Amino acid sequence: TPAVEEIKTGNYDIVILQEDIPETTVDSFRTYSEKFVNLVRESGARPILFMAWDYQRLNWISMEEIAAAHREMEKKLKVEVAPVGFAWALSKKRQPALNMYTRDAEHPSVAGMYLSLLVIESTMSGKSPLTRSPKELKIRGLEQLNENGRKFLKEVARDAISQWKKKK
């Protein structure tokens, strides 16, 4: 497949792997996570699993179940997880009025994209999201997030990553 060839020949340091569990199944996630994590490692790169989020259209699985599937593979494969969906859930709990979704109720809003990028970058770098200053990101509408909004999302990213790591 093109993805396999790209990983084999791409000479990457890190490969972020995302299986959109609401669109697929937990069994598929288990199978392909293992295959792709092994492939990434064989290529000499560091694999990280990107945890997606739940959404209403495909509500056959909860955010807790998505997180549990990632925890299972994290332990089984000894692989890092960028707990993006976990961070979204924490943001929704702390500030329910902040919509993480676009109008389609599936894809990320500006806030959802910003939080996702903070979690991914912090997972990759090992640095606190509070120290990051991603103002130059090419996110359409980023100016909608004022300083307080960005600070809130940085704190959510920090806390979600910390909570995720504590529950190992």
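Biologist: How many residues has α5, and how far does α5 reach from its first C-alpha to its last?

Modeller: α5 has 16 residues and spans 22 Å, close to the 22 Å expected at 1.5 Å a residue. The expected span is 1.5 Å times one less than the number of residues. Helices (H or I, at least four residues) and strands (E, at least two) are DSSP runs, numbered from the N terminus. This is a predicted model: local features need pLDDT of at least 70, side-chain atom pairs 80 or more, while totals for chains, interfaces and linings use all residues. Residues are numbered from 1 along each chain, and side-chain values use heavy atoms, without hydrogens and water.

Biologist: Which residues of α5 are buried?

Modeller: Buried means under 20% relative accessible area with a 1.4 Å probe, protein chains only. Among them are V110, Y114, L115, L118 and V119. The buried residues of α5 pack against β1, β2, β3, α4 and α6.

Biologist: What is V119 in contact with, leaving aside neighbours within four places in sequence?

Modeller: Contact means heavy atoms within 4.5 Å. V119 touches A82, P83, V84, A87, A157 and I161.

Biologist: How many residues has the largest nonpolar core?

Modeller: Nonpolar side chains tend to be buried together in soluble globular proteins. Here a core is a set of buried Ala, Val, Leu, Ile, Met, Phe, Trp, Tyr and Cys residues joined through side-chain atoms within 4.5 Å. The largest has 53 residues; L49, L115 and V119 are among those with the most contacts inside it.

Biologist: Where is the bridge partner of L49?

Modeller: Strands pair if DSSP finds at least two bridges between them. L49 partners V81 in β3. Three bridges join β2 (residues 46-50) to β3, in parallel. The open sheet has the order β1-β2-β3.

Terms used: Buried means under 20% relative accessible area, exposed over 50%, partly exposed in between (1.4 Å probe, protein chains only).
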